[in-house]
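Hello,

Here is the structure I promised to pass on. Please have a look at it first, and my notes follow below.

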Amino acid sequence: MSDAFRLENYLARIDYKGALSVGLETLKALQTSHLAAIPFEALDPFLRRPVNLDPASVQAKLVDGSRGGYCFEHNLLFRSALQAIGFQVTGLAGRVRWMSPPDSPLGPKTHMLLKVDLAGGAYIADVGFGACLLDAPLQLKADVEQTTALGTYRLTQSDGLFLLSAKRQTGWRDMYVFDLQPQIQADYELGNWFTSTNPFIPLTMRLIMERIAGNQRFRLVDRLLSTEARDGEVIAECMLQNAGELGEVMRETFKVTPPVRPEEIFERTGG
């Protein structure tokens with residue numbers, strides 16, 4: 001397989017037919033299309049399968065195959081697409097805080113995100129944070145609430161670190177912290193190995209899938225399927241009862257063909 005990025009294949013995969021000019025509206029439209037077409041899914045870590053970050057493997061899985069991926073795969077692919085169009089993009093790394101108590105120490109850099117420099121300023125673009133997918137780019141600007149179709153977000157800054165938080169029904173919830181130090185491929189390879197193999201990381205312990213389409217967020221955690229509106233408001237949820245239902249949800253809701261039989265996945269979700 002060739003490592004060369006094939007922009008036309010990517011645009012076809014996300015069903016994008018809009019403008020390719022370098023600007024905020026194009027960035028927003030690409031992010032929306034990407035999230036609707038390519039879901040967050042961590043099936044490979046959950047099934048103890050390797051996650052390869054070389055360009056050929058990422059394209060084969062997320063573009064040519066009917067699969068999604070997690071943060072490193074998504075944002076490496078999105079960065080390649082943006083750079084091919086002409087955007088100025090820098091890969092960054094974050095320390096996840098979603099499940100961490102507010103006063104707990106920072107953990108390792110296990111998340112990838114992007115900084116996109118536009119004529120009007122810098123933006124954060126992230127299509128791979130599976131706990132709360134960002135449905136639009138955010139200005140790299142602290143202490144202002146930023147609203148999107150599905151959420152309300154806020155960046156705060158302290159000691160050289162930015163903290164991204166999302167408004168939920170119960171209040172603000174921290175997502176991750178990051179700085180502006182550019183990362184190289186080796187940084188992502190290390191974070192990817194740790195995240196996809198550590199038995200105490202949520203992605204290796206639980207089935208997690210998420211997709212944004214229209215003004216709804218679909219999330220699957222083990223056997224619980226939820227549909228959310230703005231700011232995490234749950235508008236529907238159900239417990240999947242068998243492997244047949246799981247297979248249908250993966251196929252119809254998340255647009256994924258799993259690498260193994262749904263029966264094997266469903267059995268693993270039973271604890």
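A word on the basis: this is a predicted model, in which local features need pLDDT of at least 70 and side-chain atom pairs count only at pLDDT 80 or more, while totals for chains, interfaces and linings use all residues. Residues are numbered from 1 along each chain as its sequence is written, and side-chain values use heavy atoms, with hydrogens and water left out.

I'll start with the hairpins. Strands β10 (residues 208–213) and β11 (residues 216–221) pair in the antiparallel sense over six bridges. Strands here are DSSP runs of E with at least two residues, helices are runs of H or I with at least four, and both are numbered from the N terminus; two strands pair if DSSP finds at least two bridges between them. Within this pair, E210 faces R219 of β11. Two residues separate the strands of this hairpin, where G214 has a positive phi near 65°.

Next along, β11 and β12 (residues 224–228) run antiparallel and are joined by five bridges. V221 has L224 in β12 as its bridge partner. This hairpin also has two residues between its strands, and D222 takes a positive phi near 55°.

β12 is in turn joined to β13 by five bridges, again antiparallel, with T227 opposite A236 in β13. These strands belong to an open sheet of five strands, ordered β1-β10-β11-β12-β13 with antiparallel pairing.

Now for the rings: the structure holds seven aromatic pairs. Rings of Phe, Tyr and Trp (its six-membered ring) pair if their centres lie within 6.5 Å, and planes under 30 degrees apart count as stacked, over 60 as edge-to-face and the rest as tilted. F5 and Y10 have ring centres 6.1 Å apart and planes at 50°, so this pair is tilted. F5 is partly exposed at 24% relative accessible area, whereas Y10 is buried at 0% (buried is under 20%, exposed over 50%, partly exposed in between, with a 1.4 Å probe and protein chains only).

F162 and F178 make a stacked pair, 5.4 Å centre to centre with 15° between the planes. F162 lies in β8 (residues 161–168) and F178 in β9, so the pair ties together parts that are 16 residues apart in sequence. F162 is buried at 6%, and F178 is buried at 1%.

Finally, two charges sit over rings (NZ of Lys or CZ of Arg within 6 Å of the ring centre and within 35 degrees of the ring normal). R154 lies over the face of W172, 4.1 Å from the ring centre, and the charged end of R223 sits over the ring of F266, 3.8 Å from its centre.

Best wishes
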